[in-house]
Structure formats: C-alpha cells, structure tokens
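Please look over the sequence and the model shown here before reading on. The report that follows goes through charged pairs, a surface patch and some backbone features.

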Amino acid sequence: KPFTLFFRNQETEIDGDLESYVSTPTEFNVTFEEQSLGILIRKRKDVDQGAVVFGFKAQEDGSPGPAEACGKIAPGQILIAINGKSTLSMSFKKTIKTFVKAKRPITLTLRKHP
C-alpha cells in the first residue's frame, strides 16, 4: 500500500495540522454500484495499454453521471485497475471489454497526473 514520507527541518514549526503538509496520493480507488457510470475513456497516446479518462457523459435528464458526481475523477487520469485487476498490461480493447463486463460494485483505480 502506498505511503507518504514527511520530512521537515528541525527549526521549522508546524502551524496547524499535519494534513496540510502531506501530499495527496497519486493513485486512488473509487467504487460504484451503478451499471452506467457516465465516464468517457480513450486509448492512451503513449502506449496501447490501459486507458485514460477524457470526459463525462451526462445522464438523460442532463445531470452528471456517477463518475463525474463523485468529484474524484478528472480528465487526464489513467485507469490502472478494474476491480483490483491491473489494466497497465492490457490492450485498450481488452481494458474496455474488462470494464464493460466487470461485476458491480465496480472499483476503479486511477492515477493522477504526476
């Protein structure tokens, strides 16, 4: 499991809580119950493996879909696993097939921009 190291100079005093000094992890999980998530993914430009988020599809009533409404997913993030199964070595076609056939609840692991 990823962890964050925190270093500081002994002379530096911390004002407030430690959370403001700790960086956000680059990988995170989001779990959904819904069949349709309203997430748009495309082939990565650098390799034919995995997928990258490029936007969202609104629901029929115009409201945000579950992926957008969760507030954690953003365009440019790389889909690195579906229900714990890595997509990093899968072709884009296999990634899409895995995504569509995945049982719900579905857990997506995404990587933010470095």
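Is Arg 44 buried or exposed? Arg 44 is buried, because its relative accessible area is 16%, where buried means under 20% relative accessible area, exposed means over 50%, and partly exposed is in between (1.4 Å probe, protein chains only). The structure is a predicted model, in which local features need pLDDT of at least 70 and side-chain atom pairs count only at pLDDT 80 or more, while totals for chains, interfaces and linings use all residues. Residues are numbered from 1 along each chain as its sequence is written, and side-chain values use heavy atoms, with hydrogens and water left out.

**Salt bridges**

Side chains of opposite charge can pair when their charged atoms come close. A search of the whole structure finds three salt bridges, a salt bridge being a side-chain nitrogen of Lys or Arg within 4 Å of a carboxyl oxygen of Asp or Glu. The pairs are listed below.

| Pair | N to O distance |
|---|---|
| Glu 27 and Arg 111 | 2.7 Å |
| Arg 44 and Asp 46 | 2.8 Å |
| Lys 43 and Asp 48 | 3.8 Å |

In the pair of Glu 27 and Arg 111, Glu 27 lies in strand β1 and Arg 111 in strand β6 (residues 106-111), so the pair ties together parts that are 84 residues apart in sequence. Helices (H or I, at least four residues) and strands (E, at least two) are DSSP runs, numbered from the N terminus. Glu 27 is partly exposed, with a relative accessible area of 32%, and Arg 111 is also partly exposed, with a value of 28%. Asp 46, the partner of Arg 44, is exposed, because its relative accessible area is 54%. In the remaining pair of the table, Asp 48 is partly exposed at 40%, and Lys 43 is partly exposed at 43%.

**A positive patch**

Lys 85, Lys 93, Lys 94, Lys 97 and Lys 101 form a positive surface patch. Patches are made of residues with over 30% relative accessible area and no salt bridge, with like charges joined within 9 Å and nonpolar side chains (Val, Leu, Ile, Met, Phe, Trp, Tyr) within 5 Å. Helix α2 (residues 92-101) gives the most to this patch, with four residues. Lys 97 is found in helix α2, and Lys 97 counts as exposed because its relative accessibility is 53%.

**Loops and backbone**

Where does Gln 35 lie? Gln 35 lies in the loop between β1 (27-32) and β2 (39-42), and Gln 35 counts as exposed at 57% relative accessibility. Leaving aside residues up to four places away in sequence, Gln 35 touches Val 100 and Arg 104, where contact means heavy atoms within 4.5 Å. The C-alpha atoms of Gln 35 and Pro 105 are separated by 8.5 Å, although the two residues are 70 residues apart along the chain.

Most residues other than glycine have a negative phi, and most peptide bonds are trans. Pro 105 is found in the loop between α2 and β6, and the peptide bond from Arg 104 to Pro 105 is cis, with omega near 5°. Asn 83, which is not a glycine, has a positive phi of about 50°. The place of Asn 83 is in the loop between β4 (78-82) and β5 (85-86), and Asn 83 is partly exposed, with a relative accessible area of 36%.

Key:
Accessible areas come from the Shrake-Rupley method with a 1.4 Å probe; for residues, only the protein chains shown count as cover. Lys and Arg count as positive and Asp and Glu as negative; His and the chain ends are not counted. The place of a charge is taken as NZ of Lys, CZ of Arg, CG of Asp or CD of Glu.
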